[in-house]
Amino acid sequence: MILILLLILFPLAAALLLLFVKDDGARDWLVRIGALVIAALSIVTAVRFFNAGSVYFPAQSPFVNYLMLVLEALMDVLIFVLGIKYRKLPACVMAVIQLPLILWFDLSLAHGIEVYNNLCIDRLSLVMVLIIGIVGSLICVYALSYMKDFQKHQEGADRRPWFFFLMFLFLSAMFGLVTSNNLAWLFFFWEVTTLCSFFLIGFTKTDEAVRNSFRALHMNMLGGLAFNLALILAAIFYQTLDLDLFIFYGARGYDITMVSVLLVFAGITKAAQMPFSSWLLGAMVAPTPTSALLHSSTMVKAGVFLILRLAPTMGWGNLAGMLAMLVGGITFLLASCAAISQSNAKRVLAYSTVANLGLIVACGGIGSPEAVWAGILLLMFHALAKSLLFLCVGTAEHQIGSRDIEDMDGLFSKFPRLARFMAVGICAMFLAPFGMLVSKWAALKAFVDCGTPLMMFFIVFGSAVTLFFWSKWLGKIIAIASGAESEESGVPAGELRVLGSLVGLVLLLCLGFPIVSSQLVVPFLQETYDSVGALALSRPTMLILVIMVAALILMPLLFLGKTKKRIVPIYLSGSNQGDNVHFTNAMQQPAAASLRNWYMEGFFGEKRMCLAGVILCCIVIVWALSLVLGGVIAYV
Amino acid sequence: MSNGILSTVIMVICYLVLAPFVGGLLAGLDRKFSARLQGRVGPPVLQPFYDVLKLREKEAITVNKVQDFYVLCFFLCMLLTGAFFFGGADLLLALFTLTLAGVFLVLAAYSSGSPYAQIGAERELLSMMAYEPMVLFSAIGFYLFAGSFSVSEILHTPGIAPIAYLPLVFLGFLYILPMKLRKSPFDLSTSHHAHQELVKGLSTEFSGSTLALMEVAHWYENVFLLGFIALFFAGSHWWTVLIAVIIAIVCYFLEVLVDNSAARMKWQFALKSAWFLALILGFVNLVVLYYL
């Protein structure tokens with residue numbers, strides 16, 4: 001219990017300290033030590049509870065409950081004030097609606113209900129704790145060097161103390177979120193992450209940043225509102241706020257649909273599923289470490305975490321399950337398609353995040369053990385690979401002055417290590433035998449077995465599209481531009497170190513995933529489900545995959561770039577200028593040969609895909625919510 | 001059990017040793033057949049082997065230091081794909097390894113930095129995106145048929161052959177087969193026919209032993225694809241396997257016939273039609289099977 005409190009309170013303390021540290025050197029050390037301690041704490045927690053199964057802590061404290069109430073109310077007031085200041089009506093309206101609901105719930109409804117255990121830690125929480133602790137703190141360390149560079153190009157006051165305060169506060173809230181068993185506590189941390197992301201997205205205070213931060217706030221407040229209603233319904237109809245009890249009821253066949261649909265809806269908003277994906281795309285205006293944090297280890301992962309938690313109560317035939325499956329499936333397909341049309345690397349990454357989260361949400365909706373297995377592995381692999389990719393793009397952006405994939409020609413020659421790191425990240429996202437594909441494979445099987453053929457459609461077409469947009473990016477960065485000199489000495493060593501560690505972690509997880517599966521994921525499933533059938537991948541298959549990963553790591557190290565052959569110019573219709581880039585044109589002048597990638601706007605245009613996604617997902621959501629509303633009315 | 005392992009090992013070794021001969025021979029027959037269709041005498045049936053041997057004698061040149069490595073990986077992954085398939089392992093494992101092989105080939109072309117090769121690479125990627133859904137639907141069809149993705153279990157499912165349940169899926173697969181074989185009308189990325197190409201597309205920058213390696217890998221790939229077709233028709237009796245192999249070879253020459261009688265289609269048509277048919281033939285067949 002002390003460990004969990006430390007996990008929540010230590011980042012909080014570090015955050016508060018960072019708020020008041022103005023000196024660069026002091027901040028450097030504070031962030032590094034803080035990150036190290038957080039990572040160490042999360043590992044110690046993992047080791048301590050590794051074999052303990054689910055451990056519950058009563059942690060009864062009326063004081064904490066009141067403190068949370070006060071803070072929640074204050075956050076609402078703050079949002080209201082900010083809404084007025086920036087003239088954002090929806091924020092004000094939602095704050096006005098939410099405040100009485102919070103007060104009503106906390107002061108009247110929740111009082112009659114005894115919560116047995118406020119905190120809980122099981123293997124799913126452990127997975128999350130490790131992701132937040134290790135990936136999150138690595139991103140914070142990376143942010144040190146990145147933000148120094150960022151500040152140089154920035155006019156006005158140095159607001160880095162505020163930035164690092166938010167980053168660490170975010171980690172603290174995430175630790176609280178994944179270890180809460182009391183739904184009301186979970187809701188509190190949920191709202192804190194909403195607010196943190198709002199401030200982080202709006203960090204630069206440009207018009208665009210403010211606009212996008214409010215969009216994120218509006219959408220997440222909508223989710224928060226649904227969460228709040230779920231709390232109220234849970235209190236009124238089920239007289240319980242213990243998440244584990246609630247899931248137990250659901251898994252035993254009690255009808256908890258009213259609450260779970262609302263919770264899934266909240267999860268969908270936070271996980272940036274369509275129609276809410278635009279807030280995550282808009283979050284790009286923030287400095288890169290923010291995007292990395294939002295996309296990999298925090299925020300969106302909170303949404304899928306909640307949905308995976310609820311998985312045992314879902315399935316085809318269950319309204320909440322259908323909601324998650326359909327929204328997740330549609331989002332996976334259409335967001336993957338939209339990624340094709342993007343040349344901005346960060347937007348490609350963002351759409352891929354949205355798509356992969358869709359896959360996890362759908363896995364949670366299916367709710368079978370094999371689906372949840374796939375979902376948890378997806379969550380882990382995605383956290384590592386995506387943070388790596390975001391940080392690589394961030395570094396590339398500072399070096400080449402662009403985040404456009406078209407400008408990444410010759411990256412392999414100019415920034416050999418950075419390009420290789422990026423290539424590892426990309427391969428890990430879509431290629432066999434690396435992790436994401438393994439999980440997608442398991443997801444494919446779970447989708448086929450889920451009780452409706454519809455889901456096959458999403459994953460089959462979605463996978464084909466995924467292959468396309470990652471490969472074309474990979475092809476762009478590995479293209480050899482002859483004569484290019486390495487410019488890598490300009491890359492800050494600190495950034496390369498963080499990237500290198502993430503590459504190490506990605507490869508380690510790809511090599512060790514059978515162990516993670518058998519020691520962490522399968523025991524979690526056995527505890528959650530009565531019976532766990534055969535996994536999608538048999539043991540020999542996993543072994544083969546691991547051997548393939550090892551071979552794919554070793555082969556380039558041993559053989560890449562070693563050839564005794566004579567190097568000759570490429571074919572440029574016989575009119576080479578000698579440098580493989582220029583040819584002699586019809587006017588006998590040198591001209592550069594350049595080639596752009598395919599974006600297929602006519603097929604996969606972003607607007608078209610998003611419009612389709614928004615319409616389809618809205619129909620599903622409205623259908624599910626109106627059924628719940630009908631249920632409530634009938635009940636009353 | 002040990003018997004099973006032994007037969008697996010024998011099958012894998014047979015594939016690794018015999019596939020290039022079978023593949024090369026098929027390529028030779030393909031050229032002979034094509035020539036006769038065009039009213040020519042055509043090269044000797046063993047010409048593909050002579051070509052490969054001759055390519056190995058060429059001067060060792062390359063356009064950069066990494067391209068050959070990718071082609072080597074392409075080759076190895078192709079061996080692995082067939083080994084998984086003929087060894088009776090998981091069908092999806094074989095297909096994902098095939099995808100990996102395809103990506104390596106595309107990377108080899110991209111890495112050259114040559115505009116012609118890169119256009120070929122992009123077109124190859126497009127073809128992959130076009131045929132991937134139908135291939136996955138086929139694999140899922142086998143799974144719904146046998147209750148398992150394992151090739152050996154699909155083969156040993158008692159009763160009637162998979163084709164009885166997957167007729168539309170099979171038609172869909174036949175439609176995308178030219179893309180996989182890189183034959184007309186879908187030889188978008190690189191073509192064997194001189195009249196189709198200004199420059200050699202994907203393989204523009206491959207030369208000498210690297211080109212030979214790609215050619216041999218292609219033979220391995222063809223044998224694997226024929227095996228995939230045969231899986232539709234094979235049952236647990238040995239004679240059904242024989243029939244299946246004959247049908248697969250007939251299908252191959254059917255594709256050669258199409259290859260010689262069709263011009264290259266635009267990529268838009270390739271993508272649209274492949275996806276449309278995957279939906280109409282593949283998905284619809286599976287939905288019916290799902291509720292059967």
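This is a predicted model: local features need pLDDT of at least 70, side-chain atom pairs count only at pLDDT 80 or more; totals for chains, interfaces and linings use all residues.
## Chain A overall

Chain A contains 24 helices and 5 strands. Its radius of gyration is 24 Å, close to the 26 Å given by the globule rule for 636 residues, so chain A is as compact as a globular protein of that length. Along the principal axes, the C-alpha atoms of the chain fill a box of roughly 85 × 55 × 45 Å.

Of the 636 residues in chain A, 64% are buried. The chain exposes about 22100 Å², and carbon and sulfur atoms supply 66% of that area. Among contacts in chain A with a separation of 6 or more, 82% are between residues 24 or more positions apart.

## Helix α10 of chain A

Helix α10 of chain A covers residues 257-270. At 1.5 Å a residue, its 14 residues should span 20 Å, and the end C-alpha atoms are 20 Å apart, which agrees. The helix is mostly covered, with 14 of its 14 residues buried. Just after α10(A), A:A272 adopts a positive phi of about 55°.

## A:N220

A:N220 lies in helix α8 of chain A, which runs over residues 207-238. The residue has a relative accessible area of 0% and is therefore buried, the cut-off being under 20%. Apart from neighbours within four places in sequence, A:N220 is in contact with A:T194, A:T269, A:K270, A:W279 and A:M299. Two of these partners, A:T269 and A:K270, fall within the residue range of helix α10 (residues 257-270) of chain A.

## B:R123

In chain B, B:R123 is located in helix α5, residues 115-146.

Once neighbours within four places in sequence are left aside, the contacts of B:R123 are A:W598, B:L188, B:S189 and B:R264. One of these, A:W598, belongs to chain A. B:R123 and B:V106 are 17 residues apart in sequence, and their C-alpha atoms are 9.3 Å apart in space.

## Cysteines

A search of the whole structure finds 0 disulfides over all chains. A:C450 is in no disulfide, and the nearest cysteine sulfur, that of A:C363, is 9.9 Å away. A:C617 is likewise in no disulfide; for this residue the nearest cysteine sulfur is that of A:C618, 7.4 Å away. A disulfide would need the sulfur atoms to be within 2.5 Å.

A:C450 counts as buried at 10% relative accessibility. A:C617 is also buried, with a relative accessible area of 0%.

Definitions and conventions
Residues are numbered from 1 along each chain as its sequence is written. Chains are lettered from A and ligands numbered from 1 in the order in which they are written. Side-chain values use heavy atoms; hydrogens and water are left out. Helices (H or I, at least four residues) and strands (E, at least two) are DSSP runs, numbered from the N terminus. The expected span of a helix is 1.5 Å times one less than its number of residues. Buried means under 20% relative accessible area, exposed over 50%, partly exposed in between (1.4 Å probe, protein chains only). Contact means heavy atoms within 4.5 Å. The radius of gyration is taken over C-alpha atoms; the globule rule is 2.2 Å times the number of residues to the power 0.38. Accessible areas come from the Shrake-Rupley method with a 1.4 Å probe; for residues, only the protein chains shown count as cover.
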